[in-house]
Amino acid sequence: MNIFFVSLGCDKNLVDSEYMIGMLQANGYTIVNDETQADVIVVNSCCFIGDAKEESINTIIEMGEYKKKGRLKALIVTGCLGQRYQKEIEQDLPEVDAVLGTNSYEHIVDAVNEVLQHKHYVNIGSLEGLPKLSTKRCLTTGLQRYAYLKIAEGCNKRCTYCVIPSVRGNYRSVPIEELVESARELAAQGCRELILVAQETTLYGVDLYGEKSLHHLLDELNKIPELYWIRIMYCYPEEIYPELIASIKRNEKVCHYLDLPIQHASDEVLRRMGRRTNQQDLVQIITNLRQEIPDIALRTTVICGFPGETEEQHEELMGFINEMEFDRLGAFCYSAEEGTPAAEMPDQVDPEQMRQWQEAVMELQQEISCDKNETRIGQETYVFIEGKTVDAENVYVGRTYRDAPEVDGLVYIQTSEEILTGEFVKVRITGAYEYDLIGEMM
């Protein structure tokens, strides 16, 4: 039987998909890349914000059409949308034959077996503990030689705009020994860059070991010979702690790169968001990081148009971004999610106003990024090669330690030499765009 997988949403969802694919392959199922050849389609869904929810629903409907015009026998929905809207899916999307929740993907083989016997299957399960995984992941990013390592599940923060605690549960860390074993398996599959992800990586270990333990994990991962880079994503700024900074400095494989989602810079907006920082805290945290690690690259995200946000507060955010000069920044329009406190707040911002503010933030960041990139012309750096471009002859594309895959910039290198994907090559930067760089081999 052939199974086609659609993985939507974040990189944490992708890890779940890779485990499900691994389990299915271990049980004799064939994973195909063409939905028209599938007997079963699995949509691992997302519902973090409105756009993600809409994409998930549209994808389910689109995949369901293959029941009418193809060989498709069953359609399975897993992930956040299934967890949050199981009853609505069963009521409004009759083409769906099975629903699994976010903490139930270990049952994917049972779900496939049941639907192929024309039985409806639902397993939402509890949001406690972690799935019991009896097989290896199928690494879908293997050709690019990087992989995500999900170090924890869920979140305890309860930001007023966020549905994650309700669809993923409270914070649960994966034990260090299990993560190190997984990392060794990924390295054995050719992974050279390991990207640590969780809803919040900086709280890793508090529930298991009684203290923040990300620095201990980094110390162990740094010992894996095949790994070249270790990258940390999703560090809540208020949870950055001295031992973590020291670990980044002493472990040579850990990239001098942190993703710090600040969400805003106005004290009042941050308070209404339920965030744990104010603007002065953020200035101190960022300043300290740059003093301790002078070559660190900092990425952040902000929300535009949170309920009650004023023009003055938007300008305050713009001034903060201009002053802090983040290396990477993404801006998103606020999405009102039912069941969250923010969705019930008065003074919801007009969508057109949100969009204008979001565009203004990104225009400012484009200028900052361009200026920063121009200062890099003439510098020498190592580049992780991701492959060859399809639209230009003898041009390779890669990333520096300052760039996470999918979200940050690229380096374009023209050379007649053959370079393998996953190689690290030394490059001199010769040109700069707003977000990308041009380099030459050394």
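Tutor: Let us begin with terms. Contact means heavy atoms within 4.5 Å. Axes are lines fitted to C-alpha atoms, for helices over the stretch in contact, and angles run from 0 to 180 degrees between N-to-C directions. Helices (H or I, at least four residues) and strands (E, at least two) are DSSP runs, numbered from the N terminus. This is a predicted model, in which local features need pLDDT of at least 70 and side-chain atom pairs count only at pLDDT 80 or more, while totals for chains, interfaces and linings use all residues. Residues are numbered from 1 along each chain as its sequence is written, and side-chain values use heavy atoms, with hydrogens and water left out.

Student: Which strands does α6 lie across?

Tutor: Helix α6 lies across β1, β3, β4, β5 and β6, and runs at about 160° to β4.

Student: What is the order of the strands in the open sheet?

Tutor: In general, strands of a sheet pair through backbone hydrogen bonds, either parallel or antiparallel. Two strands count as paired if DSSP finds at least two bridges between them. Here, the open sheet has six strands in the order β2-β1-β3-β4-β5-β6, with parallel pairing. Its edge strands, β2 (30-32) and β6 (121-123), each pair on one side only. On average, neighbouring strands of this sheet are turned by 25° against each other, direction ignored.

Student: How many bridges join β1 to β2, and how many join β5 to β6?

Tutor: β1 and β2 run parallel and are joined by three bridges; within this pair, N2 has T30 of β2 as its bridge partner. Strand β5 (residues 98-100) is likewise joined to β6 by three bridges, in parallel, and A98 stands opposite Y121 in β6.

Student: Is β1 mostly covered or mostly uncovered?

Tutor: A residue is buried under 20% relative accessible area, exposed over 50%, and partly exposed in between (1.4 Å probe, protein chains only). β1 is mostly covered, with five of its six residues buried.

Student: At what angle do α1 and α6 pack?

Tutor: Helix α1 (residues 11-26) and helix α6 (residues 108-115) pack at about 60°, with their axes 9 Å apart. Angles under 35 degrees count as roughly parallel, over 145 as roughly antiparallel, 65 to 115 as roughly perpendicular and the rest as oblique; α1 is therefore oblique to α6. As for handedness, a crossing is left-handed if the near helix is turned anticlockwise from the far one by less than a right angle, and right-handed if clockwise. The crossing of α1 and α6 is right-handed.

Student: Which residues make that contact?

Tutor: M20, M23 and L24 of α1 meet I108, V109 and V112 of α6. For classes, Ala, Val, Leu, Ile, Met, Phe, Trp, Tyr, Cys and Pro count as nonpolar, Asp, Glu, Lys and Arg as charged, and the others, Gly among them, as polar. This contact has six nonpolar, no polar and no charged residues.

Student: How do α13 and α14 cross?

Tutor: The axes of α13 (residues 279-292) and α14 (residues 311-324) come within 12 Å and cross at roughly 15°, so the two helices are roughly parallel. Q279, L282, V283, I286 and R290 in α13 meet E316, F320 and M324 in α14. Their contact has five nonpolar, one polar and two charged residues.

Student: Which strands form a hairpin?

Tutor: β18 and β19 do, with four residues between them. Five bridges join these antiparallel strands.
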